[in-house]
There are 2 protein chains.
Amino acid sequence: MQNIFITGAAGFIGSSLVDRLLADGKGVVGWDNLSTGQERFLEGARQHPKFRFIRGDNLDLDSLSSAMKGCDTVFHLAANADVRFGLNHPKKDFEQNTVATFNVLEAMRANGVKTIAFSSTGSVYGEASVIPTPEDHPFPVQTSLYAASKLSGEGMIHAYCEGYSFEGYVFRFVSILGERYTHGHVFDFYKQLTEHPGHLKVLGDGTQRKSYLYVQDCLAAMLQVMNAGLALKARHRVEVFNLGTDHYVQVNDSIRYICSALGLKPRLEYTGGERGWIGDNPFIFLETKKIREAGWKPALTIEQGIGRTLQWLQANRWVYETRK
Amino acid sequence: MQNIFITGAAGFIGSSLVDRLLADGKGVVGWDNLSTGQERFLEGARQHPKFRFIRGDNLDLDSLSSAMKGCDTVFHLAANADVRFGLNHPKKDFEQNTVATFNVLEAMRANGVKTIAFSSTGSVYGEASVIPTPEDHPFPVQTSLYAASKLSGEGMIHAYCEGYSFEGYVFRFVSILGERYTHGHVFDFYKQLTEHPGHLKVLGDGTQRKSYLYVQDCLAAMLQVMNAGLALKARHRVEVFNLGTDHYVQVNDSIRYICSALGLKPRLEYTGGERGWIGDNPFIFLETKKIREAGWKPALTIEQGIGRTLQWLQANRWVYETRK
């Protein structure tokens, strides 16, 4: 892992990874179509001699293949991460996640690049029957187009590992928080509270239980198992890891953390129901024994992660301007 | 289920389903690009006033949507079923299976068609850790592009059932045998024995254990659960069923049945190894308790199914002419 190609390099997690890998002395090619990515996240990286940014789209296989030339490892992080509105435009998840992942794999094959890390999601377990949910949970039913598209990506990566001797790392993320966070419930709540500090609208009944992980902990976990080359020892040259903390919080807990940090006591208005929207999962909590046994543990709790996120949002209100 | 749209209608299973549904008094629109389908399989159906054949490709969403107009149920059977050579052309499984299934779902949505049956595969369990393999087997690793593409299809169907209130039936088939069978090991072995009756080349070491199901038994199983509307009672409006017999045979058993039926004693040449090819699964045997509890059981044993297949191939040698 010396020359690393990152899709979604201008995104929240992607740009954080760019900085971390450059700090580790790696060469990095950042690839992003800037549809939701932020060029400002790469301002630091752009000063670095070992960084190169190429603007391009995963649906353009030829450009993608050219851009990847000379790399040895791919972090495929680019995705339509807009889970909630998936049903309004099913083509988006299909093209930007499923087709994009196929193209990334084909570009790798064309270039002889064999190592891939993939940001999948805890949502692939659907409404899990076992909680905390282990990686070998019973074959689930997909409840969102987003998760279905990530499941497609996982399956293709497996098949490329088995069939073309790729080395694959599939990471099923809980929601990630931290600096450069640009969507999700903390983002939405902070926005609302900036606009009207006395009133907060909450999707669902607030009892949804969710798990969150701090972005730097997420990056550390990925690098830990990849540097150890764990997939090379796996039966089918692919390893799947849940990434999360061993806690979860209710949306109501999160609201409490946020309001306490901001010193606000808004009136809460709940839309009601145990799901915030169709396909919302009322309880996400992943078993993280496997990644812990690989020698990783998170440095921050969920509350600390939410705190860091808020601090960053307060100092970077410009991100709200970029998102309508 | 009165007006039924069948993708892959000129194929082995599709054309058998066309005939069966017409016999049941249903209206049927057959859709096929004739890339591997056989117009001769539809000769009977074409005489029927309630049958209409439309030649078209699943990658052409506009034509697909137009063709589906007025139907209430879709059997999505069209697929690249060429499992063995998937690694030679990964785009084929991706386009003809993954993209095609997305298009079928979008065409359904455009037409307000809500009921779908999907031919998935026992291969989605990869190299299963539990045998016989139940529908809720631990989240598997995909070992072929074919299975990965079927897994993609399953996931999208789930998400459409949950998100758009579709009614979904996912059937994970073992290998299907019977009249109009045009590829697979019986097809290959009979071809070889016709060309050189004294010599049979076998991929792998002959100990691979596989399960087979007779095509009419397969159709009866699908219609049984769909007529009962079982998915409407399911938590996410989708039901997954394994379809197979409660037996398996070794490739060597199958060779014995075939040679005995043909009165031949060829010299056997094994290519060796427990897998016939990369991604071949040395042991496929599905648990069929769920579909049996729905009131179905197969009429034919695997040996009887192989017998029917051979009889049909002997009477229809023309199919070999159509396949190079």
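Predicted model: local features only at pLDDT ≥ 70, side-chain atom pairs only at ≥ 80, totals over all residues.
A:Met108 sits in helix H3 of chain A. Leaving out residues up to four places away in sequence, A:Met108 touches A:Met68, A:Val74, A:Val113, A:Lys114 and A:Ile116. The C-alpha atom of A:Leu64, 44 residues away along the chain, is separated from that of A:Met108 by 9.2 Å.

## How the two chains meet

Helix H3 also brings us to the contact between the chains. On chain A, helix H3 (90-111) and helix H4 (145-164) each supply at least two residues of the side that touches chain B. H4(A) provides the largest share of that side, ten residues. Counting both partners, the contact takes 30 residues from chain A and 30 residues from chain B.

As for how the copies are arranged, two copies of a chain are related by a rotation about an axis and a shift along it. Here a rotation of 180° with 0.0 Å of shift along the axis superposes chain A on chain B, with an RMSD of 0.0 Å. That is the relation of a two-fold axis. Both copies use the same surface, and 100% of the contact residues of chain A recur in chain B.

## Two domains in chain A

Within chain A, domain 1 covers 3-176 + 213-243, while domain 2 covers 177-211 + 247-284 + 300-321. Their C-alpha centres lie 25 Å apart. Where the domains meet, 22 residues of domain 1 of chain A are in contact with 19 residues of domain 2 of chain A. On the domain 1 side, the elements that give two or more residues are helix H1 (12-23), strand E7 (175-177), strand E10 (212-214) and helix H6 (215-227) of chain A. The residues on that side of domain 1 divide into ten nonpolar, nine polar and three charged.

The buried residues are B:Phe12, B:Ile13, B:Gly14, B:Ser15, B:Ser16, B:Leu17, B:Val18, B:Leu21 and B:Leu22. At 1.5 Å a residue, helix H1 (residues 12-23) of chain B should span 16 Å, and the 17 Å between its end C-alpha atoms agrees with that. H1(B) is followed by B:Gly25, which has a positive phi near 90°.

Helix H6 (residues 215-227) of chain B has 13 residues and reaches 18 Å from its first C-alpha to its last, close to the 18 Å expected. Buried in H6(B) are B:Val215, B:Asp217, B:Cys218, B:Leu219, B:Ala221, B:Met222, B:Val225 and B:Met226. Just after H6(B), B:Gly229 takes a positive phi of about 60°.

Which residues touch the most other members of the largest nonpolar core? Of its 194 residues, these are A:Ile6, A:Val18, A:Cys218, B:Ile6, B:Val18 and B:Cys218. Setting aside neighbours within four places in sequence, A:Cys218 is in contact with A:Ile13, A:Phe173, A:Ile176, A:Leu213 and A:Leu243.

## Backbone details worth a look

Most residues other than glycine have a negative phi, and most peptide bonds are trans.

| Residue or bond | Backbone value |
|---|---|
| A:Ile131 to A:Pro132 | cis, omega near 0° |
| B:Ile131 to B:Pro132 | cis, omega near 0° |
| B:Arg180 | positive phi near 75° |

A:Pro132 lies in the loop between strand E5 (115-121) and H4 of chain A. In chain B, the loop between strand E5 (115-121) and helix H4 (145-164) holds B:Pro132.

A:Leu34 belongs to the loop between strand E2 (27-32) and strand E3 (51-55) of chain A. Is A:Leu34 buried or partly exposed? With 15 other C-beta atoms within 10 Å, A:Leu34 is partly exposed. B:Arg180 is in the loop between strand E7 (175-177) and helix H5 (185-195) of chain B, and with 21 C-beta neighbours inside 10 Å this arginine counts as buried.

Definitions and conventions. Residues numbered from 1 in each chain as written. Chains lettered and ligands numbered in written order. Contact = placed C-beta atoms within 7 Å. Helix = DSSP H or I, 4+ residues; strand = E, 2+ residues; numbered from the N terminus. Least-squares fit on C-alpha atoms with pLDDT ≥ 70 in both. Domains from an automatic or database assignment. Nonpolar A, V, L, I, M, F, W, Y, C, P; charged D, E, K, R; others polar. Expected span 1.5 Å × (residues − 1). Buried ≥ 20, exposed ≤ 12 C-beta atoms within 10 Å, placed from the backbone. Core = buried A, V, L, I, M, F, W, Y, C linked by C-beta atoms within 7 Å.
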